[in-house]
Amino acid sequence: GQFLGARSDFIPLPICKRLCLLQDQVPPMPSAQAKAAIEKELGTTVDRVFEWIDLETPLGSASISQVHKAKLRLPEGAGVHQNTSSGTSGPLRSLRRAWSWLTGYDPEQARRSAAYSSHSSHSSPSGSAPEDNVSAIADTLEYRPVVAFGDARDDGPLGVTGNNNGERVYDPARIAKYAPEDGIVAVKIQYPNSLPTMTMDLENIRVWADFLSRTEIKFDMVSAVDELAKQIKLEFDFSREARIMNAVAKQFDGLNHKIVVPRSIPALVTQRLLVMDFIDGIPITKMREQARFQNLSEATKRLAARQILSKVSEAYGRMILLDGLFQADGHPGNILVMKGGRIGLIDYGQSKKLPDRYRLPFAKMVLALERKDDAGICEALDRLGVETAGNVDDERLKARIAWGMFDTEGTVNPFDPNSPIKQVSVENFPSDLFFVLRVSQLLRGLANGMNIKDFSAAKQWSPFAQSAVKELEGTDGKVRIRGGGSDNGGSDNGGMPSLEDFVSMLPIDGYLGDVPSV
């Protein structure tokens, strides 16, 4: 529903508007229930951790959780201008943002990164992989199962001790090291008993996908739903989400003048609770409703919309092609437009680590799409393992299938009788590529909603694709892909580990922690 709500190019607008409510306006828990759930996870009362928390009006509420705005209880003088609601004063913030844009250096970001790095260096054994090398540590990771509400926390949370009553005691001074300067945070709490409901919904969606694949859309939708189901079950582990989010934030160090990713507060994360930076912005689909935007000239509106879309697309291109670790739930409710035209990316419950054996041919696919090279597109499609049937000898037709799946220019309607998918069916689509496809389709939906028909993600992503090819294949043409076989956590013939393997041994701060020998 969240995905279809972003696809007004082939879903009727009244239905889209209704489905968009699923992105961040699902009916929330009552405030008393939300408070009880938060306190159960904290192991203490909310007023011992927060100066205030707005339990009456959630920032957003979606399929498995809701989010509240709060202010951490920090020691006096721990942050800058603690008595203000926005941290550093307006002129100083503007000056700092301009300095960050010119130099790529943000003092506040550097302060927090140093705190995370300091913890990482103290907790990492000698000889461990470099903390900023995302791929080098992937082989040592192992997934941890989700536990019941309030039953367990991450081992050794920073700034937390216990008292004689069994209540958890939080050290504000230690928490302040990792907190934003104004102490303003977002508190994400999971709905109790939401997993059974989600499981039932996924079973129904699978039946619907099988019907559509046999009747309307000649595409392997069942494999896509199976991959979605696997990832959604992992979404219920917020400690895993925190690790992914912080690892992605590390990727964007130096780029926060245009792309912002929140970081978690290490001591305040459990499998059901996630406290993180508050991103002050509006959902991208509500940008046009703002008075300041409506007062712009039509030419300026078009330019502003294109710049916003370009930043969103750049963020995903960097994540998918440069590191392979990306936020895969990019529906409009998770993309915020901030002051100054910056983009905030939130919600890392559904994320993916694209194995290198797919990242290399996908990079070549992007380059072939940008060149409009039908033969190169078809070769990359084959190397990705996408199996087609029907008029498969028509390169132009297969290239149009790939263009519809992985680029954003123009319009695509899978229900159109003249659609290429009606002439060439996709019999097998690798599950590892499903979230890449999902990101491409969400970007296409955003471009259509902004009435930008000529925006090509492939064209924008081509520099990142070139870097990926150089990294994975080298200038001598020799392939340098780590591992082989299937992506099942490295247990099958030394295969590339899956994302759950990749993230589970990262500490909450997103840097390398204690890694056991393997």
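Author: A residue is called buried under 20% relative accessible area, exposed over 50%, and partly exposed in between. Keep those cut-offs at hand for this structure, which is a predicted model.

Reader: How do I apply them to E379 and R383, and what links the two side chains?

Author: As a general idea, side chains of opposite charge can pair when their charged atoms come close. Here the side chains of E379 and R383 form a salt bridge, with N to O at 3.4 Å. E379 has 45% relative accessibility and so counts as partly exposed, while R383, at 56%, counts as exposed. The two are four residues apart in helix α13 (residues 374-383), so about one helical turn separates them.

Reader: Which residue does R318 pair with, and how are the two placed in their helix?

Author: The side chain of R318 meets that of E314 in a salt bridge of 2.9 Å, N to O. Both belong to helix α11, and because they are four residues apart, about one helical turn lies between them. With a relative accessible area of 21%, R318 is partly exposed. E314 is at 10% and therefore buried.

Reader: What does the salt bridge between K188 and D347 tie together?

Author: K188 is in strand β6 (residues 184-190) and D347 is in the loop between β13 and β14 (351-353), so the pair joins parts that are 159 residues apart in sequence. The N to O distance between these side chains is 3.4 Å. K188 counts as buried, at 5% relative accessibility. D347 is buried too, with a relative accessible area of 17%.

Reader: How many salt bridges does the structure hold?

Author: The structure holds 19 of them.

Reader: Now the nonpolar residues. Which members of the largest nonpolar core touch the most other members?

Author: In soluble globular proteins, nonpolar side chains tend to be buried together. The largest nonpolar core in this model has 84 residues, and the members that touch the most others are I320, F326, F362, M365, F406 and W461. Helix α11 (residues 298-323) is the main contributor, giving ten residues to this core. Apart from it lies another core of 26 residues, including I38, Y170, I189 and L268.

Reader: What is F406 in contact with?

Author: Neighbours within four places in sequence are left aside here. Beyond them, F406 is in contact with F362, M365, L369, L381, F429, V436, L437 and S440.

Reader: How should I read a sheet, and in what order do the strands of the four-stranded one stand?

Author: Strands of a sheet pair through backbone hydrogen bonds, either parallel or antiparallel. The open sheet of four strands has the order β7-β13-β12-β10, and its pairing is mixed. β7 (259-260) and β10 (281-283) are the edge strands; each has a single partner strand, so one side of each has no neighbour in the sheet. β10 and β12 (residues 335-338) run antiparallel and are joined by three bridges. In β12, L336 stands opposite P283.

Reader: Which strands does α11 lie across?

Author: Helix α11 lies across β7, β12 and β13 (343-345), at about 40° to β13.

Reader: How many helices and strands are there, and how much of the chain is buried?

Author: The protein chain has 17 helices and 16 strands. Of its 518 residues, 54% count as buried. Its accessible surface is about 22,300 Å², with 52% belonging to carbon and sulfur atoms.

Reader: What share of the contacts comes from residues 24 or more positions apart?

Author: Among contacts with a separation of 6 or more, such residues account for 73%.

Note on methods:
Residues are numbered from 1 along each chain as its sequence is written. This is a predicted model: local features need pLDDT of at least 70, side-chain atom pairs count only at pLDDT 80 or more; totals for chains, interfaces and linings use all residues. Side-chain values use heavy atoms; hydrogens and water are left out. A nonpolar core is a set of buried Ala, Val, Leu, Ile, Met, Phe, Trp, Tyr and Cys residues joined through side-chain atoms within 4.5 Å. Buried means under 20% relative accessible area, exposed over 50%, partly exposed in between (1.4 Å probe, protein chains only). Contact means heavy atoms within 4.5 Å. Two strands pair if DSSP finds at least two bridges between them. Axes are lines fitted to C-alpha atoms, for helices over the stretch in contact, and angles run from 0 to 180 degrees between N-to-C directions. Accessible areas come from the Shrake-Rupley method with a 1.4 Å probe; for residues, only the protein chains shown count as cover. A salt bridge is a side-chain nitrogen of Lys or Arg within 4 Å of a carboxyl oxygen of Asp or Glu.
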